[in-house]
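Hi,

Here is the structure I promised to pass on.

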Amino acid sequence: MIAPTADIDHRARVADSAQIWHLAQVREGAVIGENCIVGRGAYIDTGVIVGDNCKIQNNALVYAPAMLEDGVFVGPAAVFTNDTFPRAINPNGTLKGADDWKMTGVMVRHGASIGARAVVLGGVEVGEWALVAAGAVVTKDVPAYALVAGVPARRVAWVGPNGAPLDNQDGLWVEPGTGAEFVEDDGRLRQR
């Protein structure tokens with residue numbers, strides 16, 4: 001389902017099962033996987049790759065060269081940047097062109113979620129099943145299963161695939177509801 005008011009470049013690849021809503025724009029070379037939902041007014045830049053079963057909510061801005069693995073959630077008005085040192089002009093006053101800067105993309109791993117109005121800076125990787133809180137500004141990599149919040153974002157908890165904070169039980173981290181167990185080692189979490 002593609003809304004008649006969506007702007008899909010003919011050079012983009014959009015899976016037949018994807019849904020692209022009112023006023024969304026998908027640029028040339030972008031890839032939108034199976035069962036994806038791209039919300040109203042969302043922007044998917046040139047060459048961005050979106051895996052299967054992703055949800056990109058209204059007014060989210062995903063700038064190239066971002067890559068979203070399968071099952072990623074991007075909240076309303078979230079922004080993925082791509083310019084580490086943004087300037088409109090060069091030191092000599094001339095307008096910057098495509099060759100005057102290097103794009104640095106965001107990588108979002110399997111099952112991770114980005115909250116509403118969060119900003120993720122170019123070059124950052126968000127680990128699998130990680131959760132970025134609404135309004136956070138992510139300036140460095142987020143480990144798998146981490147819940148990060150604030151400006152700049154910092155880890156405030158560990159979360160499981162169901163999104164709920166994990167409980168610490170005698171040195172093990174346990175996911176409420178499923179009982180899945182995780183082990184923390186040197187600031188990283190892995191499933192046991």
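In what order do the 4 strands of the open sheet come? The order is β22-β23-β24-β25, with antiparallel pairing. The edge strands, each pairing on one side only, are β22 (167-169) and β25. On average, neighbouring strands of this sheet are turned by 40° against each other, direction ignored.

A word on terms: strands (E, at least two residues) and helices (H or I, at least four residues) are DSSP runs numbered from the N terminus. Two strands count as paired if DSSP finds at least two bridges between them. Axes are lines fitted to C-alpha atoms, for helices over the stretch in contact, and angles run from 0 to 180 degrees between N-to-C directions.

This is a predicted model, where local features need pLDDT of at least 70, side-chain atom pairs count only at pLDDT 80 or more, and totals for chains, interfaces and linings use all residues. Residues are numbered from 1 along each chain as its sequence is written, and side-chain values use heavy atoms, with hydrogens and water left out.

Now the hairpins. Strand β23 (residues 172-174) is joined to β24 by 2 bridges, and valine 174 has glutamate 181 as its bridge partner in β24. Their hairpin has 6 residues between the strands, and glycine 177 there takes a positive phi near 90°.

Next, β24 (residues 181-185) and β25 (residues 188-191) run antiparallel, joined by 4 bridges. Aspartate 185 is bridged to arginine 188 in β25. That hairpin has 2 residues between its strands, and aspartate 186 in the turn has a positive phi of about 55°.

Cheers
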